[in-house]
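This report describes the contact between two protein chains and one annotated region. The sequence and structure are shown first.

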Amino acid sequence: MDNEGRSCVYGLRHQARCLTAVIAETEQNKFLVGSQTLKRDNEIHLINFNEDEFEITSTIYQHLEEVWDIAACPAKSDLFFTCYKTFDSISSRTKAKLWRMNNSDVISEDFEKGSRPPRSTSHLPLECIFEIKEDDTIKKVLWDPKKDLTKFVSIHDSSLRIWEFDEQMTSAKTSHTVDFSSMNESLPPLTTGVWNPHQPEVAIGKECYVQGLDLRSQSQTFNINGAHSVLVHALDYNPNKPYQIASAGDDCKIRFWDLRNTTNCLKQISDHTHWVWAIAYNRFHDQLFLSSSSDCQVNLQSIVSISSGAFQYDERENDDGSEYEYHDQLGKPTDGLVRAYDQHEDSVYAVAWSACDPWVFCSLSYDGRAVINRVPKEEKYKIIL
Amino acid sequence: MKTLVYENYNKFISATDTIRKMKSNVESMESEMDQLSKSISNISNVTSLVNDALGPKREKIRQLTGVHDLLKKIQFIFELPTRLKLCLDQESYAQAVRYYAKTSRLLEHYRSLSVFSSIESECKEIIDKVSKKIRENMTSENATGSEITDCIVLLISLKEPPQQLAKEYLDLQETVLSKLLVATIDEMPKIPADYLLKSSEDYQLTTSDERAIIELTYLNEKFLKELNKFVESFNGFFLQPPKECRDTKSPGKSPAKSPKNNDLIRYVSTTLDVEVKELVRKEFLEFIGAITSEYLTIVDGLLEFPNNILDFKPETHIKLLNKLNFAALSCASLSSVIKFDERIKEVISTWETGIGKRLFGNAEKELIEKFVEFSEKQKTKVFSSSQQRFKYVQTFVLDTETWLTTYLTKDCLRIIKECVKTEVPMFENKDDVEKFLKKIQAEFREFWYSIINSMMKYVSPINPYPINPQDPPPPITSLIMSRMLLDFGEIIVTQVYTSFSDRLYTSRDNRNRFAIDVYGGYGERHSISKELAQDVREIVGVCKDIAQRILERYVEIVGNRISMNIRGIYTMKSSITNLTDVPSRPTSVSKIWNVIITELTLIEKEVVMLYGTEEENNLDDQDSNSLPSTDQNSTANQDNSNTIRAPYAHSNSSYSSINSNRPKSSNPFFASFTHLTSHIDKLFSDRIEIFGIVEIGKPGIMMGVIKILLKAWIETVRMQTLTNKIFQQIQVDSEFVRLKLWKYIEDERILNTMLQELASSAFRRCAEDPLPLENTIIEQIAGGL
C-alpha cells in the first residue's frame, strides 16, 4: 500500500511536551514521549512506528511525576534520563532520573504473537538507576553524542554541571560546575543546551544569546550576543558539518551560524508565526531541517545551500550529459519550505527525527498528540538520486 | 474649281517667275566650284615643302634643351655640398634635408661614377652633421612638441632607422606632454579671467565666476591640441602608412609639392615590420591611454558637484560638457586611436547619472538623518505632557512629508528642468534629451527603492548585535515610517511623478504624452506620461507593501515588549513572598496588568495619532486634494479627544448588554473545564495567526499587539505550576484584561477564544484542585472595587 503523504497519529491522552528518538535503536523507528499532567500519574510512552504496516505500537511505562524533558542514551536503547517536576503546596522542584526499560523481551514477544493489541494496556514499571537532585532546578540532561558513556551534562536554571558515571553506571558525581548565576538576578534562566557532536563542547541558550562552552577547560568558546531578539529556545548542531549551529527562539526566526564567524548569520528562516520551540537537523541528510512552533505547525525545511550536501550539487552542475538531464527533470533540491505539517491543534513543543529511518520524524503537541510523518517522496528522490 | 483658279491666279504667276530665276543662277555656280578646288590643292603642296625644310633644325633644338636640363641638374648636384654647408651654417636644416632628400636617390644610383661618389660622401658628411644638429635640437630641453615633430619629420626623411626613431619620438613627447600637462594644471588657476575673450571661441561668457569653463578651454587649447597633434603625427609616421604616401615618396616629387613642413608631415611615413609595429603601437597606446586618463581626471575634477547640491548651476556644467564634446569632435585622430570620443561620451553619461544620484541621494540622506534625529530626541527629550509629545510627532510626520515633496518637486525638478532647457548643442538632439531623462528616471526609481530599503533597514532587528550596539530606534519610529510609506504609496509618489511628468515630458512632443491615468490612493486621477506610469505603479505598490511590513515589525516590537512583562509573574516563587501574610484568595488584579494596560493605552494613542480611527479615514476619502497628512493630522488633532472617549462609552454599554445576556457568567471560560469541550471548541475555531499580517488601521494594529500578548500569556502559564491561589489570580486578571481590551477589538471572538485557551491551560497547570472563584467576586475585583 502506498502510504505516501499519509501520517500516523498517536494520542497519549495526556498533555506532553517532550519527545526523543531512541537513538541507540537503529532497527526500528522508536520514540520516547513523556507526559505532563498534574492531576494523574504520568506515563512514558515508547512509540514504535512500523513503516511496512504503517502502524504505531506502544509500550507504556509508569512515571509518577510530570516529565519536562527526556533524553535517550545514544549507546544503549534501554536507558534514558527524564527531568521531572515535583511539587508541594509552596514550591516545585525539578530533578532528573536515569531509567532502564527492562521489558524489551515483552515487546518482542508481543511482536511474535502477531495478535497484539495496538496499544498495551498494562503500565510497566521502570527501573530507576539513580537520581540527581542537586539544586532542584534541573532542566535538561545531555548525553555525549559520541556514545561515550562516561560523562553527561545537566543544565540547570543558572548553572551547568558536568557529571561522571561510575564504572557500572549506577551512580554519578559532579566533576565540574559552571555557574551562570553571577549575572543579573532578574535575567531568565538557561533555556536550552546541546552537545556538539564534533568536539567536547556544549552550546547553551540564555536570554537572547547563545554561548559555547568547552567541556575540558570550562571556558567559553563562542558567544553570539543577540542571536535572537527575544528568548532563545532551541539549538542544534549540524551533525555533518562542524562549526555550524542552528538556533531558534521567541522572535519566530530560525538562524544558522558559522561558529568561526558569528558577526552575521548564514541564513535565516522565518516561516513560523509564533515562538519556535524545537529544531532538528536530519542526522543523515543535514539539508533537511525540522522546526516546530507554538503556532501549531511543524515545518520541514530544505537548507541545502548551507548543508554538507551543497558541494555535491555544485559539482553536478558542471557535469553534462544524460545524468545531468535526468537530474534536471527531477529538479535539484533547493532551499525553502518543503512542507508545513498542520495536523496539530495545539502548540508543538517537540520534534525529532527517527534514529532508524532517515526519512521518518515525529512531532508532539501539547494536547498529547504525537504525529509521525515522512519526508515527501519527491524531496527524498531529489536528495538520494 | 473655276472660282479656285480665279482666286489664286496671282500666285501661280509669281511661282512661274521664281522658277525661271533659279534656273539661270545654277548654270554659273558649277564653274566657280571647280576653280576653288584647284586653288586649295595648290596651297597644300607649298606647305609640305616648307615643313620638310625646317624639320632637322627642330630636332636639334629639342636635344639642346635636354642637355641643358641635365646640365642644370648636375650643376645642382655639384653645388649640393656647398648648398648643404650653407644651410648648415644658416641652421635651415629643413632646407638641407629637402635638398638631400631630392638627390640622395640619384646619388645612390650613380655611385659607381667617381665624381658622384665623392659628392655623395661629401653630402653624407654634411648631412650627418645636420642630423646630429637636428637631434640636438630635438633633445634640447626647451623643444616644444611641434619642434620635436618637425625634427622627427626631418630625421625620417633622412632614413634613420624608424624603430629607434619611434621610440625616441615617443620618449621625447612623453616627457614633453607630461610636463605640459603639469604646467597647464599649474597655470590653470592663474589664468586671467579674460582669457576667453582673447581666444577665438565664439561663446559669450561674461560672468567671471565661470572659472571652470575658462580652465577647461585653457586646458584644451594648451594640452589637448598638442596631444592630438602628436597622436596624429605619430600615427601617420609609424603606424599606418597610407598608399599615396608611398607613391609620393620618390624624391623630386613630394618635396617639390610640399614646400612647407606641415605638409611634409602628411607625406612622410615609414615602414616597420609587423611585429615591431605592434610593439611600437602597444607602447604608444599605453602612453596615450595613461595621459588621457590624467586629462579626464582633471575634467572630472572640473565637473564636481557642489557640496550643497541645491547651489548647483547646471548651465555651467552643460557648457563644460559641450566643450568636451567639441574637443572630442576636433580630436579626430585621438578618437580613432583610443576612442577618445567614446570616453568623453562616457564622462557625459557619468555626469548625467551623477546628477540624479546626487540630487536624490541627498534627499534620502536627509530623510534618514531626520529619522535618526527624531529617534534620538524621542529617547532623550522629556515632554511635559503626552499631548505635547503627540503634537511633536505629528508635526514631524507632516514636516518631513512636506519637506520631501517640496524638495523633489521644487528643487530637484528645477535643476533637472534647467539641464534640459539650457539650449546647447549637446541637448539639441531630441534623442539626447530623451536619453538624459531616461537616466534621471532610472535614478529616481532607484531613489525610491533606496529610501524604502533604508527605512526597512533602520527599523529591522540586528541579529546578532554588533559589538558596539546602538540603541534600537524607539518603536514609534517604525509606526511613523509605516505611516509615511503609506502616504507615499497613497499619494506622494503619484503627486511627485505627476509634476515631473507635467514639467519634463509635456513641453516636448505632445504625441509622446500618452497621458495614462493613474488613480491615487484616494481615487483622484493623475495623468502621467507613458514613460513614467509604469514606474509609478511599481513604486506605489512597493511602498504599500513595505508600509505593511514595517507596520508588522512595529506590532512585533511592541507586542514583544509588552509580553516581557508577564514573563515572571505567577511563578510559585513570586507567590510565596506574597502569600504568607495575605488572605488565601486574590484581592486585586496583579499590578503588572495595570502597567500593561497603561502601555497598551499609550500604544493606542500612538496608533490613533498616526493612523486615525475609522471615521477619520472616511473623512480623508472625501477631501483629498492636497497632502493627505495635512488633513489627517489636523482632523486628528481636533478629533483626538472625542474619538478616544467615544469607544469607552461604547464598550461599556456593549459590555453590560452582553453581561445581561449571560447572566450566569460574565467570564464563561473558567466555568467549563472538561478537556473535551476545549478540544471540540478548538476544532471549530479558526487557527489564530499570532505574528502575522497586520491589517492597516487602528483595530488591526491593536489586535496584532493583543494577540501577541495573550499568546505569550498562555505559553507562560503553561510553563508554570500553579497553586490554587495563583489560579484564582489568573481568573481575576483574565477578567480584568477582558474588560480592558474590549474597546480595542472589533472581533471579540478571537479574544474569547484566546482567553478560553488561557483558562484551560491554567486549569491544567494548577497543582491543587482548582477552585474557581465565583463570578461576582471576580467581577468585583476586576472591576477595581
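## Interface of chain A and chain B

In this predicted model, the contact draws 51 residues from chain A and 33 residues from chain B. Between them, chain A and chain B bury about 3300 Å², and 52% of that area lies on carbon and sulfur atoms. On the side of chain A, the residues that lose the most area to chain B are Leu38(A), Lys39(A) and Thr273(A), which together account for 16% of what that side buries.

Polar and charged pairs also occur across this interface, as tabulated here.

| Kind of pair between chain A and chain B | Count |
|---|---|
| Salt bridges | two |
| Residue pairs in polar contact (both at pLDDT 80 or more) | nine |

One salt bridge joins the side chains of Arg765(B) and Glu66(A), with an N to O distance of 2.8 Å. Three elements of chain A each give two or more residues to the side that touches chain B: strand E6 (66–72), strand E7 (79–87) and strand E21 (254–258). By residue class, the side of chain A that touches chain B comprises 18 nonpolar, 18 polar and 15 charged residues.

## Annotated region of chain B

What feature does UniProt place at residues 19–46 of chain B? The record, an unreviewed entry, gives "coiled-coil region" for these residues. In the model, residues 19–46 of chain B are 100% helix and 0% strand. The end C-alpha atoms of this span lie 44 Å apart.

Key. Residues are numbered from 1 along each chain as its sequence is written. Chains are lettered from A and ligands numbered from 1 in the order in which they are written. This is a predicted model: local features need pLDDT of at least 70, side-chain atom pairs count only at pLDDT 80 or more; totals for chains, interfaces and linings use all residues. Side-chain values use heavy atoms; hydrogens and water are left out. UniProt positions are given in the numbering used here, feature names are shortened, and annotations may be inferred rather than shown by experiment. Helices (H or I, at least four residues) and strands (E, at least two) are DSSP runs, numbered from the N terminus. Contact means heavy atoms within 4.5 Å. Buried area is the accessible area (1.4 Å probe) that two parts lose on being put together, summed over both. A salt bridge is a side-chain nitrogen of Lys or Arg within 4 Å of a carboxyl oxygen of Asp or Glu. A polar contact is a pair of N or O atoms within 3.5 Å; within protein, one must be able to donate a hydrogen and the other to accept it, and residues adjacent in sequence count only if both atoms are side-chain atoms. Ala, Val, Leu, Ile, Met, Phe, Trp, Tyr, Cys and Pro count as nonpolar, Asp, Glu, Lys and Arg as charged, and the others, Gly among them, as polar.
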